Amino acid sequence: TRARLCIVGFNATTFLETFVQRKPTLIFWNTQHWEICDEAREPLELLREAQIFFDSPEACAQHANAIWDHVTEWWEQPERRLAVSEFCKNYARTWDKPAVELKKALTDW
């Protein structure tokens, strides 16, 4: 897509897909409504610290307005790349050679 920024308002695979595609993404959801498992708390906190994840639509919208004129530069800053990379290691893993990895997984199983 040619969108400048993807904004995701619920806990689903959408933001994992945009992360893998290196598309600038902001996420917000009510953590009281969308339960977060214990092992996801620390990786999600990295996204919060990197100003990718927000607890409210208002905070997310305010940040979107602040970065609007330089979204790509904001997205490519090292702290954001690191936070996204760490999150993807656990939840959106990709491989250079998926067939090799699939074969290995099936034979090891």
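These legends describe views of a predicted protein model.

**Figure 1. Whole chain and its confidence.** Residues are numbered from 1 along each chain as its sequence is written. In this predicted model, local features need pLDDT of at least 70 and side-chain atom pairs count only at pLDDT 80 or more, while totals for chains, interfaces and linings use all residues, and side-chain values use heavy atoms, without hydrogens and water. The mean pLDDT (the predictor's confidence in each residue, from 0 to 100) is 89, and 98% of residues reach 70 or more. Confidence is lowest in helix H6 (residues 98-108), with a mean of 83, and highest in helix H4 (residues 71-75), at 97.

**Figure 2. Order of helices and strands.** The protein has six helices and three strands, which are DSSP runs numbered from the N terminus (helices H or I, at least four residues; strands E, at least two). Along the sequence they follow the pattern β-α-β-α-β-α-α-α-α. The C-alpha trace spans about 50 × 30 × 25 Å along its principal axes.

**Figure 3. Loop at Arg22.** Arg22 is found between helix H1 (14-20) and strand S2 (25-28). Its phi is near 60 degrees, a positive value in a residue other than glycine. Most residues other than glycine have a negative phi. Arg22 is partly exposed, with a relative accessible area of 44%; buried means under 20%, exposed over 50%, and partly exposed in between (1.4 Å probe, protein chains only).

**Figure 4. Loop at Gln51.** The loop between helix H2 (38-49) and strand S3 (53-54) holds Gln51. Phi of Gln51 is also positive, near 60 degrees. Gln51 is partly exposed, at a relative accessible area of 37%.
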